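Student: I have a model open and would like to go through it piece by piece. Can we start with the strands?

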Amino acid sequence: MEMRNITLRFGGVEAIKDISFDIREGEIRAIIGPNGAGKSSMLNVISGFYHPQEGEVWYKGAPRPSMKPYEVARMGVGRTFQNIALFEGMTVLDNVMTGRLTHMKASLWEQAIWWGKAEREEVQNREQVEKIIDFLEIQAIRKTPVGRLPYGLKKRVELARALAAEPSLLLLDEPMAGMNVEEKEDMSRFILDVNDEFGTTIALIEHDMGVVMDLSDRVVVMDYGKKIGDGTPGEVRSNQDVIEAYLGVPHE
Ligand SMILES: Nc1ncnc2c1ncn2[C@@H]1O[C@H](COP(=O)(O)OP(=O)(O)OP(=O)(O)O)[C@@H](O)[C@H]1O
């Protein structure tokens with residue numbers, strides 16, 4: 001995926017100013033920056049929630065036309081949200097099953113009489129969902145209503161639901177926000193494992209610098225809507241603009 005000269009405005013506010021960067025297949029790419037830098041806006045451009053006034057999003061070698069978020073999802077771009085967006089009254093299993101919706105093709109009629117394609121789809125969906133539940137180690141809570149889970153586990157269920165759609169590019173909006181150290185370590189491990197095991201390309205927004213540097217192959221740094229750094233964690237750490245604008249002091 002490639003962002004080419006993206007500019008996004010909200011009225012008079014320029015949230016993103018002429019930013020270009022790419023996300024390579026198979027990598028973990030982080031977008032970091034201080035509050036209000038434009039990170040969430042950028043994630044929303046990638047996932048089709050916002051449409052930039054200028055610039056193009058290239059996906060799989062071609063410019064992507066203006067699309068609705070569900071169309072972007074069907075093209076294999078999955079996401080999680082900063083504020084957890086799960087169905088609190090439903091079980092973990094049912095929540096993860098909703099992630100399969102983009103894969104359902106049987107007609108309502110076929111589903112209603114549980115016949116042919118509908119039955120085959122349901123079996124396939126179940127298998128995929130069970131695989132992900134095992135992978136993320138949430139078997140023990142599969143029948144628990146999500147509303148009863150602690151925050152860290154809810155975040156993991158949200159990851160499971162996004163993975164259920166089998167995205168080729170997964171966008172994570174602050175996956176570690178609000179977590180304690182142990183939960184952060186768990187989440188980091190799962191993100192690395194997902195990338196490794198399923199080959200999923202991952203782009204994430206994160207505030208916690210330590211986590212990002214350990215996790216990512218490459219990092220984009222934003223500040224006031226501009227891109228001020230782009231490279232490996234090592235390169236970004238030693239970039240003077242980044243040090244001044246974001247880190248404040250050298251990290252070494
Ligand atoms: N829907 C919107 N309407 C108007 N202005 C917006 C909207 N979304 C974002 N902005 C503005 O765009 C700028 C960038 O915001 P954005 O949320 O993308 O930054 P961020 O880096 O994700 O910040 P944070 O880390 O606090 O989530 C801010 O000035 C914000 O007020």
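Tutor: Start with strand β8, residues 201-205, which is mostly covered, with five of its five residues buried. Buried here is having 20 or more other C-beta atoms within 10 Å of the residue's own, exposed is 12 or fewer, and partly exposed is in between, with C-beta atoms placed from the backbone. Helices (H or I, at least four residues) and strands (E, at least two) are DSSP runs, numbered from the N terminus.

Student: Before we go on, what kind of model is this, and how are residues numbered?

Tutor: This is a predicted model: local features need pLDDT of at least 70, side-chain atom pairs count only at pLDDT 80 or more, and totals for chains, interfaces and linings use all residues. Residues are numbered from 1 along each chain as its sequence is written.

Student: OK. Which way do the residues of β8 point?

Tutor: Thr201, Ala203 and Ile205 point one way, Ile202 and Leu204 the other way, and all are buried. In a regular strand the side chains alternate between the two faces of the sheet.

Student: Which strands pair with β8?

Tutor: Strand β3 (residues 28-32) runs parallel to β8 and is joined to it by four bridges. There, Ile31 stands opposite Ile205. Strand β7 (residues 169-173) also pairs with β8 in the parallel sense, over five bridges. Two strands count as paired if DSSP finds at least two bridges between them. The bridge partner of Leu169 in β8 is Thr201. From β7 the chain crosses through α7 to β8, and this β-α-β crossover is right-handed, that is, with the strands pointing away from the viewer, the path from the first strand over the helix to the second runs clockwise.

Student: And the open sheet, what is its strand order?

Tutor: The four strands run in the order β2-β1-β4-β5, with antiparallel pairing. β2 (13-22) and β5 (62-63) stand at the edges with a single partner strand each, so one side of each has no neighbour in the sheet. Within it, β1 (residues 2-10) and β4 (residues 54-59) are antiparallel over four bridges, and Thr7 has Glu54 as its bridge partner in β4.

Student: Switching to the ligand. Which residues are around it?

Tutor: Phe10, Val13, Ala15, Gly33, Asn35, Gly36, Ala37, Gly38, Lys39, Ser40 and Ser41. To be near, a residue needs its C-beta atom, placed from the backbone, within 6 Å of the molecule. The shell divides into four nonpolar, six polar and one charged. Ala, Val, Leu, Ile, Met, Phe, Trp, Tyr, Cys and Pro count as nonpolar, Asp, Glu, Lys and Arg as charged, and the others, Gly among them, as polar.

Student: Which element gives the most to that shell?

Tutor: α1, with three residues.

Student: Is α1 enclosed or open to the outside?

Tutor: Seven of its eight residues are buried, so α1 is largely enclosed by the rest of the structure. The buried ones include Lys39, Ser41 and Met42.

Student: Last one: how is the protein divided into domains?

Tutor: Into domain 1 (1-76 + 167-252) and domain 2 (89-165), with bounds from an automatic or database domain assignment. Their contact takes eleven residues from domain 1 and ten residues from domain 2, where contact is C-beta atoms, placed from the backbone, within 7 Å. On the side of domain 1 that touches domain 2, α7 (181-198) gives the most, with four residues.

Notes. Two residues are in contact if their C-beta atoms, placed from the backbone, lie within 7 Å.
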